[in-house]
Amino acid sequence: MSQTITLNLADGSIQFSFSAAAAQALKTDLDSLITQMKAATAAGTPRRAPLPSTEHRHSGDVFLEVFCNPNLWPSPFAARVLLTLRDDRIRLTTETGLSQFYDDLTTYLDQVT
């Protein structure tokens with residue numbers, strides 16, 4: 001069963017239907033990304049090893065794609081994700097902060113579980 005998730009963006013917000021299972025799968029991918037970024041930052045070396053990009057896709061009521069290249073950002077707190085949301089009538093592509101996106105996802109999961 002899908003419920004409505006709200007993602008807060010820099011200049012507004014967007015709401016769409018999203019299942020708890022899909023949200024949990026996305027959160028698992030983001031947890032892995034954040035853990036890798038924190039470990040690379042904690043190493044303290046001036047030249048860290050390249051990390052793989054994270055790309056998550058979900059097809060449901062709408063198509064959601066989340067992409068983040070962790071090599072562009074010094075820490076998970078500065079990182080941004082590219083978010084694409086589309087259906088047969090509209091396509092939205094925007095960039096948002098990883099921290100805000102993760103917080104919105106966590107809030108949604110807390111409400112539906």
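Colleague: Which residues does W73 touch, not counting residues up to four places away in sequence?

Modeller: Contact means heavy atoms within 4.5 Å, and on that basis W73 touches M37, R48, C68, A78, A79 and R80. This is a predicted model, in which local features need pLDDT of at least 70 and side-chain atom pairs count only at pLDDT 80 or more, while totals for chains, interfaces and linings use all residues. Residues are numbered from 1 along each chain as its sequence is written, and side-chain values use heavy atoms, with hydrogens and water left out.

Colleague: What does the chain average in pLDDT?

Modeller: pLDDT is the predictor's confidence in each residue, from 0 to 100; the chain averages 93, and 96% of the residues score at least 70.

Colleague: At what angle do helix 1 and helix 2 pack?

Modeller: Helices are DSSP runs of H or I with at least four residues, numbered from the N terminus, and axes are lines fitted to C-alpha atoms, for helices over the stretch in contact, with angles from 0 to 180 degrees between N-to-C directions. Helix 1 (residues 20-42) and helix 2 (residues 98-112) pack at about 140°, their axes 10 Å apart. Angles under 35 degrees count as roughly parallel, over 145 as roughly antiparallel, 65 to 115 as roughly perpendicular and the rest as oblique, and the two helices are therefore oblique to each other.

Colleague: Which residues make the contact?

Modeller: Among them are M37 and L30 of helix 1, with F101 and L105 of helix 2.
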